[in-house]
Each structure stands twice: as C-alpha cells, then as structure tokens.
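Hi everyone, thanks for coming. Let's take a look at this one together.

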Amino acid sequence: MIRRFAPAAVLAASLVALAGCGPAEKPGPAAAGAPTALAFSILSAEDQASYEPLWRPMLDDLSRATGLPVKAFFSSNYTALVQAMRFNQVQMGWFSAEPALETVDRASGEVFARTQDLEGKDTYTSVVIVKKCSGKTLDSILKCDRTLSFGMGDPRSTSGTLAPNAFLFRPRNINPATCFKVVRSATHAANLFSVGAGVLDASTNNSVGLDFAMNGAPEARRAYQNVQVIWESPPLPESAIVYRKDLPPELKAKIRTFFTTYGKAPGAEGVRQREIMAKLHYTAFNPADNSYLDAIRTMRQTAAPPAPAG
C-alpha cells in the first residue's frame, strides 16, 4: 500500500509529451543486443528517502546476479510508472495488481513473480478508514447525503479505487462522485494523514499501507493510531514483479531466477537476504505469470458503470 526523481505531475507530463513526438509514441522494441543497464520501477507511497534504503540492497544483489547496473525509478504516480515501462525507460518493476495489468495490456509487460508477505500470504485487502471517535460508521458514510468528504486512491490503484468500486460502491449502485460532498484522489499515505487529522471524513487505504504506518516513522504511527477501519474487501492479489517481455531470454531467466530464489540461500547469505526482504514486509517472491492478474480483469468488469439504457 517517496519523493520522486521529479514531481509526479511533471514526470507524467514529460511522458505524455514523449507520447506525442511522432514515431516515438509506439512502444519500440528493445535496443539491439542485450541492454547495458537496467532500471527497476518502484511505487513510492511516501517518499524516495523512505523507500530507497529498503530496496537498494536487493537491487545491488540483482546487479551482481545479472552483471548489469540496476538503478531505481521511483514515483507515486501509477500512470508514470506504466508509461516508463511502455517507453522502455524501465525494464522491470514492482507493481500493485491494477497497474501491473496495465503494463501487460499496454506496456509490453510480463508478470514473472508475485510477492508473499510476512505471514506467508500473497493477498491483502482494501479498507475504508475514518477518524477514531468520530462516530462515523459504514452506514453513515453510505447515506450519500453529500455532507461528507471522501478520499480515493490513484485512479489505477487496486486497493484505493478499483476494489472499493467493485466490492463496496457498485454493488450498492453508488457513484462516489454524487454520494459525497467532495472526492479527492491521493496516495494511501496522504489519505491516512488526512483522515487522521480530520481533513477528510473517510478514505480508502489498504492493509499493507496500514501495517507500514503502524511500524513506520513517528508521524505515520500517530496517524495510524488516529484512524479505524470500517470496511474491508475480500482478498486481493498482492503485488507483482514485471519485466518487459522483449528482454533477451537469457537475461529474463537470470532475473526470474534471482527473484524466485531470493532469501533461500543457505547459511549467512540466506539470513542476510531474508533480513532485506523483511524490511519490505516480504518473505518470498513466488513464480507467477500473467494469469495471476485474471482476478483484476474480473474486478474491472464488476466495477464498470452500467451501460447506458437503450
């Protein structure tokens, strides 16, 4: 559930500009021969300074395994991450399920691994949170009298937008835009702080983001302690690891083997790798393919508004 290299809006705008430059708008094939460096994209719910130390040791290990430099590409903007994959600015990345499906459908992406959390689960849940002691319940939130403010996630967020629409709003024929006084889209971290401070009456979030907040920086822990969950979705597919399908087969094999065996080395090396993964709240990267995202395709159909009459 990070301060980017560039602000999300600027990064997204630059990618849109790139998409409008004639022949460059088509996702081109990988450069002839094997790449000389790799970029790994990471969805940063907070800021780069928070996430870089968590991922850097693993990316350094990946660099040694592939023999190529591996740089990190951070953004909290899902569209920017998908577009970066589409235009081969990154060759692989850690995606939540909804943007992972976007990379498969629109950005030459291919799923090869999925994450497993500290409890051994490869699922998580979307939640709706309110401020503690506010007296707000799910029933009062869903009265739809346009008196309350509500926070959604990025439009391409699995837990912040897709799951609430699929499992909470659409089954009740509710359109958040007409239900609430105001609807704001933001990162999970921003929504957590807004609800905890009473700026928003309620918002979406997810079980992973709340867990990070509970064990995170003091300000995140304070925000977590000020909220409570009033709704939880069915289990959702956890994050996927995706690479471009046009990478050389031998390089793809090295990357796939690296992730699916990481943390399983014997002795002190295995201990070191597991410590790195524990800081990311993971215990393993299990093998997967594009079918891992079939549940997201079904959710998209469920969340879609009804077709116009006639």
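So, how far does helix H11 reach from its first C-alpha to its last? H11, residues 249-261, has 13 residues and reaches 18 Å, close to the 18 Å expected at 1.5 Å a residue. That expected span is 1.5 Å times one less than the number of residues, and helices here are DSSP runs (H or I, at least four residues), numbered from the N terminus.

Quick housekeeping: this is a predicted model, where local features need pLDDT of at least 70, side-chain atom pairs count only at pLDDT 80 or more, and totals for chains, interfaces and linings use all residues. Residues are numbered from 1 along each chain as its sequence is written, and side-chain values use heavy atoms, with hydrogens and water left out.

The mean pLDDT (the predictor's confidence in each residue, from 0 to 100) is 87 for the protein chain.

Back to H11: its buried residues (under 20% relative accessible area, 1.4 Å probe, protein chains only) include Leu251, Ile255 and Phe258. Just after H11, Gly263 takes a positive phi of about 90°.

Now helix H6, residues 158-169. A straight helix of 12 residues would span 16 Å, but H6 spans only 14 Å between its end C-alpha atoms. 11 of its 12 residues are buried. At its start, a side-chain oxygen of Ser157 comes within 2.8 Å of the backbone nitrogen of Gly160.

Last, a helix pair. H4 (residues 97-106) and H13 (residues 294-303) pack at about 100°, axes 10 Å apart. So H4 is roughly perpendicular to H13, a label covering angles of 65 to 115 degrees, taken between N-to-C directions of lines fitted to C-alpha atoms over the stretch in contact, on a scale from 0 to 180 degrees.

Methods
Helix = DSSP H or I, 4+ residues; strand = E, 2+ residues; numbered from the N terminus. Buried < 20%, exposed > 50% of the residue type's maximum accessible area, 1.4 Å probe, protein only. Polar contact = N/O pair within 3.5 Å; in protein donor to acceptor, adjacent residues only side chain to side chain. Parallel < 35°, antiparallel > 145°, perpendicular 65-115°, else oblique.
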